[in-house]
Amino acid sequence: MSSDLDHYKAKKMIKDILELEKNNLKTKKLNNDAMIDKIRKMIEAEVKKCY
Amino acid sequence: MLLKNLTLQNFRQYKGEQILQFSADSNTNVTVILGENTSGKTTLIQAFNWVLYGNAHFDTKDFLLNLEIANQLKRGETEYVKVAVELIHDDMEYIISREQLYDCVSYGEVKPRQSAVRIQYKSSDGQTGFIEENDVVDTINEILPEDLSSYFFFDGERIGNLGRNDKSGRQDIAQAVKGVLGLNVLDNAINHLAGGYKNSVIGKFKNSIDIVGNENLIRLKGELNAKREKLEGKKLSLEDVKKMIGYYTSEKERLEQVLKDNKETADLQGKIEVNEAEIRRLEKRISDIRKRLINDFSSKAPFYFMQPLVKNAAHLLNDTKEFDYGIPHMHSESIDFLIKRGRCVCGTEIITGNEAFHCLMDQKNYLPPQSIGTLVRFFINDAKHYQESSNETYETIEERYKDFRECVNKISELRSENAFISKEIQGKVDVGQTEQQVVQFKKKLEDAEDEKDSLVKEIGSLETECDHIDNQIRSLAFASEKNKHIQLCLEYADLITNTLKGFYAKKEQEIRIKLEQRVNEIFTKMYHGKRKIVINEKYQYAVETPNLTKEFQAMADKSTGLETITSFAFISGIVDLAREKISSEDLDIKSEPYPLVMDAPFSNADEKHVANVSHILPQVAEQVIMFVMHKDWMHASKVLDARLNKKYELIKKSETHTEIKECK
């Protein structure tokens, strides 16, 4: 694994993902495929910001 | 959250408008609704589910309109079903109501429309209004999250399952732990990130790796896909095998319970078999005795019966000297010689047929070996011998006959006993057959476990092989600039997944230990004894008896009453944790009261345990609402009367009409 990983960034992503999951648990608006897609795009966007 | 009232309109068997008011008083916090089976108790619990979340667990879940009302509808007419619950949450009053219209499209055909829910509120300062349609679901979940609602609304079957430590009970407890600490959120996140090799964030990143133009990568990708397909197939097979193991285990446990419950029948069936074996042994003995009797009789009886005659004859012959007609020292052969010579000793001519011949032939009868005297002597000797040997005949035959009669009587006794036992166990479980079934399920379970172990090994190997190919792909792929971005995304996804997994494992263990503590706190108050409950990482629980080693723990008696107490201890422990969790999510942390709504909570408890449970429940929840059968209320009322505020009875007017009547 690359040693360039930003753990602060990783924590932020964890927080965002959990928030997304918590909301979806209540509203049930997004199905599994949609959730996977959303999380994937979230990670891609964060990684793109600084690299 | 405290429930104030529930209003039903044409909901299932509740025809017209019917209202239940619930006690929210802190001292007298118990509301009881009495009703026999099929009177509509479970419908009331489902009414809560429907009004809050639009769910109803009935066979005809899509048709909730009272059937009498539906039957009366004419074509083109419309009727509605409505349920409303009034409650207090966070110093605000809410009326949550759900309505569903039904249209009669033709004779006998009534169709439901989509249900609609709305919330009216009234704040402590008197302000009223309606919650925005888009915010209704969120508001309901803030008041009582749907994933936790099942820990506040308990039906009888779940109450029983929790205490029985079977698969459904364990799943219920596992779900409670996930739901209570928000582990559901973590669990979902982990699944979305890394749940499947195709259908997950990590899977999608891996699939997006650019391999065009790279022969090695294309080959490796092909190999990896093939192995993954095989792996998924094995995982599916493993799931199937686990289901079968679950089925076999539950069947085996069910049958073992049947055997346990029918131990008396088993003992009686065993007694029948023992008696039958003894009957067969005695019948063989009778056959032997019969043969010997016939033998003895044939050989000895004539002499036995002849005895008096022979005795008298011997006496007579002994006293008589007249039988000795023989010429001394003369033998029958001498007569033969004389006849052959043709001349007697006295010179008389002997010719066959003359007088001399006849005299000599007559004389022959009195000479040995045919002499009467000899015969008499022989007879007297034989008579002595017969007498001696027939002295024991009577005793022998008598003994044998006695033995014979005893065997016959014993057989008759045993047959009567078997007939009596058969009558006793008529209609009861065939224990022998059940035992055979247990053996069969044990064998099937063994085979399935072997298959499971084999699949687990294969899956492990395949996963290792997949990881190996994966690493090869990564090291080849990420040499290209194009794939470096994907590599980084993958690394972050891996890091996030591993962090969440670690956190999940730690939190799950914490909450499980906490649950065990809470359950035991409540268990010791309900149970009159010194046992305690231990929960392992698979949510299997064991009730430990003090001063017993591990080997003997399983043998300690576990009654239905203990199962009931354990159920309530779990329910109370879970409710406690759920309340803590909901309260802790408020920024302004305060202890929010919550109700406990239970359907048929006392069905399997004996009088003593009903009293214990009744004593503790009002202390565990701020509001207790129970649906109870009359027979159970008899025992519970002795303890609960002091905490009782409202009492209702469900009056079943017909199969399609129940009325709620308040008991003053």
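## Terms and model

Buried means under 20% relative accessible area, exposed means over 50%, and partly exposed lies in between (1.4 Å probe, protein chains only). This is a predicted model: local features need pLDDT of at least 70, side-chain atom pairs count only at pLDDT 80 or more, and totals for chains, interfaces and linings use all residues. Residues are numbered from 1 along each chain as its sequence is written, chains are lettered from A in the order in which they are written, and side-chain values use heavy atoms, without hydrogens and water.

## Where chain A touches chain B

Contact means heavy atoms within 4.5 Å. By that rule, 29 residues of chain A are in contact with 28 residues of chain B. The buried area is about 2,600 Å²; this is the accessible area (1.4 Å probe) that two parts lose on being put together, summed over both. Carbon and sulfur atoms give 77% of it.

How many salt bridges join chain A and chain B? The count is zero. A salt bridge here is a side-chain nitrogen of Lys or Arg within 4 Å of a carboxyl oxygen of Asp or Glu.

## An aromatic cluster in chain B

Rings of Phe, Tyr and Trp (its six-membered ring) pair if their centres lie within 6.5 Å; planes under 30 degrees apart count as stacked, over 60 as edge-to-face and the rest as tilted. The count over all chains is eight aromatic pairs. The ring centres of Tyr247(B) and Tyr248(B) are 5.9 Å apart with planes at 50°, so this pair is tilted. Tyr248(B) also pairs with Phe441(B), again tilted, at 6.0 Å centre to centre and 50° between the planes. That pair links distant parts of the chain: Tyr248(B) is in helix α9 and Phe441(B) in helix α15, 193 residues apart. Helices are DSSP runs (H or I, at least four residues), and strands are E runs of at least two, numbered from the N terminus.

Ring pairs link Tyr247(B), Tyr248(B) and Phe441(B) into a cluster. Tyr248(B) and Phe441(B) are both buried. Tyr247(B) is partly exposed, at 41% relative accessible area.

## Salt bridges

The count over all chains is 36 salt bridges. In one of them, Arg415(B) meets Glu283(B) at 2.5 Å, N to O. Arg415(B) sits in helix α14 and Glu283(B) in helix α10, 132 residues apart.

Asp288(B) and Lys284(B) form another, at 3.8 Å. They are four residues apart in helix α10 of chain B, so about one helical turn separates them. In chain A, salt bridges link Lys9(A), Lys12(A), Asp16(A), Glu46(A) and Lys49(A) in a network.
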